[in-house]
Amino acid sequence: MQLILEKRAERSKTVALASPLIAIGLTIVTMTILFMVLGKNPISALYVYFIVPLADGYSLQEIAVKATPLVMIAIGLSLCYLANAWNIGAEGQFLMGAVAGSWIAVKTQGTGAGHWVLPAMLLLGALAGALYALIPAICKVRFGASEILTSLMLVYVVDLLLDYLVRGPWRDPQGFNFPTTAEFDPVATVPTLIEGGRLHLGSILALVVVAAGAVLLGKTIKGFEIRVVGAAPRAARFGGFNANQLILLTFAISGALSGLAGIIEVAGPVGHLQPGISPGYGFTAIIVAFLGRLNPIGILIAGLFLALTFIGGEQAQITMKIPLDVTKVFQGILLFYVLACDSLILYRFRIVSSSPQVARGAH
Amino acid sequence: MNRNLLGAAAALLIAGSLTSSAVAADKLKVGFIYLGPVGDLGWTYQHELARQALVKELGDKIETTFLENVPEGPDAERAVEQLVRAGNKLIFTTSFGYMDPTLKVAKKYPNVHFEHCSGYKRDNNMATYSARWYQGRYIQGEIAAKMSKAGVLGYIGSFPIPEVVSGINATMIGAQTINPNIKVKIIWVNSWFDPGKEADAAKALLDQGADIIMQHTDSPAAMQIASERGKLAFGQDSEMIKFGPKSQLTSILDTWAPYYIERVKAELDGTWKSGDVWGGLETKMFEMAPYTNMPDDVKKMAEDTQAAITAGKLHPFKCPVVGQDGKEVECKGGDHLEDGQILGMNFYVKGIDDKLPGK
């Protein structure tokens with residue numbers, strides 16, 4: 001008797017729908033056991049993780065704030081991945097957008113510049129992100145350089161550039177040498193939507209991006225081309241689709257969205273440019289993109305869900321004294337189960353009775 | 001039916017946990033925001049030890065909560081506000097980078113009191129506190145100059161902010177009293193807590209000929225490297241002798257407990273007031289770990305210097321202080337630099353053959 005994984009003839013639609021639910025169910029079971037081992041009441045723990053943050057206007061806003069950059073970046077990444085273009089450097093494009101947009105904020109500081117400042121920052125941020133993403137795309141198309149490697153390495157380049165700028169030319173003169181620019185002027189700040197909360201205009205933009213992504217993929221020929229080039233490159237060639245052009249296009253869109261997310265984060269929740277503006281959003285967004293199955297609506301849900309686990313994790317630390325490490329374990333377990341369950345879409349378990357004796361007899 | 005039972009059980013359990021916190025509501029809630037994990041064995045660990053001491057002392061009157069590993073970015077403001085919303089009335093935010101987020105939340109909640117460690121922005125409900133670590137650095141400089149054979153010190157810096165720069169300067173001024181030609185090599189790791197980078201910096205400094213490692217970062221990684229290479233080093237924030245039993249000369253120990261207990265008592269009495277406390281050896285805001293791995297005469301010298309500083313007879317920044325450009329720094333504090341000059345220190349003293357980043 002042996003348990004083997006066997007490839008299915010076609011994708012199982014039932015499992016595709018059920019898989020995220022099974023994954024969440026298994027996560028909850030595992031976490032329940034873990035909470036019991038830790039001597040915590042599992043029901044209150046799960047309640048604090050999943051329900052408490054949703055039951056309060058403040059934490060709902062915070063979930064949206066946390067999910068905004070993740071969703072925006074992940075939508076762009078999903079286009080790349082669907083087209084078989086592997087942009088791993090969204091983190092760098094995020095930072096580049098933040099740096100380029102901040103340039104306007106720093107230069108106009110205290111000059112009484114008008115309301116054109118913020119729109120200009122957002123545009124420049126998106127443009128810079130797109131241009132920065134085009135570097136690995138062009139290297140790929142022209143020289144065949146692996147975009148995985150080049151896009152990843154460019155993260156560190158802009159990271160150091162940002163570091164240099166806030167330590168040197170852009171440093172807040174009143175900031176006691178700490179590496180940060182001065183707080184941006186109000187005209188250079190993303191407006192908040194609700195008095196006293198942190199929910200900002202960027203979250204609305206993220207929803208617009210999700211809708212645009214859904215339309216692009218679902219309703220347009222370009223969207224169809226992107227899918228075909230990724231899923232069936234040979235068929236795409238016969239269809240006359242230009243794969244190289246699509247690599248450039250998807251990288252540019254992805255970079256622009258990452259850059260936009262970057263400048264929104266800096267001009268919104270942070271309020272100034274400093275190192276450490278991103279706790280790895282560009283990398284976490286890769287997880288969000290795949291958790292959402294490269295589907296815009298799925299990405300929105302995945303982004304919000306991941307944000308929920310962050311906020312719930314903090315609640316659990318505060319109200320139940322559950323250590324932060326448990327939150328990390330929790331996120332890890334969830335991803336593990338999602339990936340494991342997803343493999344059941346393409347594979348199924350089968351029990352075969354093997355008889356090693358027969359094999360031995362053949363000696 | 002089964003489902004209803006489960007639901008009822010869940011409701012009971014939740015209700016149970018809620019009532020237990022309702023009982024605790026009479027206690028004063030005190031919150032802490034930590035930069036590193038509580039197990040960093042350096043900066044955050046010392047704050048955590050102080051919190052534990054606080055609980056031991058006043059545990060029947062207070063309830064404490066901490067959030068660890070909170071990055072100094074957009075998440076910090078949320079972390080502070082979460083503590084406020086959970087009912088904490090006194091909140092300690094224990095890293096420089098929490099200054100602006102703490103101030104934002106403080107403005108929003110004028111009835112909650114905040115204590116920010118090592119910053120310079122204050123408000124009616126936001127006090128600041130820090131320690132005069134430069135005093136300890138001066139002693140370490142003297143010891144280092146005595147113990148270094150190569151005459152080259154290796155210094156691992158976090159960020160070139162005044163606190164760190166004044167530490168480097170105090171070290172050099174102390175060292176120069178022993179060896180006027182002492183050299184220092186400085187590596188900035190641009191992080192408070194990054195054991196990997198801290199270890200790499202220690203290796204690089206040793207490879208460049210330094211034979212004593214000093215650090216202004218939070219983990220014992222550098223001490224471990226020094227220990228592996230058989231070199232001497234100073235610990236930081238915390239007792240690190242078990243990471244370098246044959247290496248640690250001494251360590252600056254952050255001892256926050258007396259301050260925390262005092263401030264929480266004030267909050268309980270209703271006498272809490274905003275302000276700035278910058279204590280040194282004289283108020284035990286920090287202490288020196290035992291002087292080890294050095295000959296008796298060096299130990300004696302270190303103890304004498306410590307006694308002199310504690311008694312107020314010796315000021316590490318006694319005038320004249322000479323800058324890198326060879327010019328004397330204006331002496332605003334009588335016979336030593338005034339506190340404002342140390343808190344905003346933005347220059348290297350003479351003898352440091354390096355450029356202050358961003359200068």
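How far apart do the C-alpha centres of domain 1 of chain A and domain 2 of chain A lie? The legends below describe a predicted model, and the first of them gives the answer.

**Figure 1. The two domains of chain A.** The C-alpha centres of domain 1 and domain 2 of chain A lie 28 Å apart. In the domain assignment, domain 1 of chain A comprises 1-40 + 323-351, while domain 2 of chain A comprises 53-110 + 126-321. Each domain is therefore written as two stretches of the chain, given the assigned bounds.

**Figure 2. Where domain 1 of chain A meets domain 2 of chain A.** Contact between the two domains involves 7 residues of domain 1 of chain A and 7 residues of domain 2 of chain A. On the side of domain 1 of chain A that touches domain 2 of chain A, 4 residues are nonpolar, 2 are polar and 1 is charged.

**Figure 3. Chain A as a whole.** Chain A contains 14 helices and 2 strands. Along the principal axes, its C-alpha atoms fill a box of roughly 90 × 60 × 40 Å. Chain A has 363 residues, of which 48% count as buried. When contacts in chain A between residues at least 6 apart in sequence are considered, 78% of them join residues at least 24 apart.

**Figure 4. The contact between chain A and chain B.** Chain B contributes 31 residues to this contact, and chain A contributes 27 residues. Three elements of chain B, namely α1 (2-23), β2 (62-67) and α3 (74-85), each supply at least two residues of the side that touches chain A. Of the elements of chain B, α3(B) gives the most to this side, with 7 residues. The side of chain B that touches chain A has 16 nonpolar, 9 polar and 6 charged residues.

**Figure 5. The packing of helices α5 and α10 of chain B.** Two packed helices are described by the angle between their axes and the distance between the axes. Helix α5 (residues 133-147) and helix α10 (residues 296-310) of chain B pack at an angle of about 160°, and their axes are 10 Å apart. Because angles over 145 degrees count as roughly antiparallel, α5(B) is roughly antiparallel to α10(B). The crossing of α5(B) and α10(B) is right-handed.

**Figure 6. The residues between α5(B) and α10(B).** From α5(B), the contact is made by Q135(B), I139(B), E142(B), I143(B), K146(B) and M147(B). From α10(B), the contact is made by V298(B), M301(B), A302(B), T305(B), Q306(B) and I309(B). By class, this contact has 7 nonpolar, 3 polar and 2 charged residues.

Notes: Residues are numbered from 1 along each chain as its sequence is written. Chains are lettered from A and ligands numbered from 1 in the order in which they are written. This is a predicted model: local features need pLDDT of at least 70, side-chain atom pairs count only at pLDDT 80 or more; totals for chains, interfaces and linings use all residues. Helices (H or I, at least four residues) and strands (E, at least two) are DSSP runs, numbered from the N terminus. A residue is buried if 20 or more other C-beta atoms lie within 10 Å of its own, exposed if 12 or fewer, and partly exposed in between; C-beta atoms are placed from the backbone. Ala, Val, Leu, Ile, Met, Phe, Trp, Tyr, Cys and Pro count as nonpolar, Asp, Glu, Lys and Arg as charged, and the others, Gly among them, as polar. Axes are lines fitted to C-alpha atoms, for helices over the stretch in contact, and angles run from 0 to 180 degrees between N-to-C directions. Angles under 35 degrees count as roughly parallel, over 145 as roughly antiparallel, 65 to 115 as roughly perpendicular and the rest as oblique. A crossing is left-handed if the near helix is turned anticlockwise from the far one by less than a right angle, and right-handed if clockwise.
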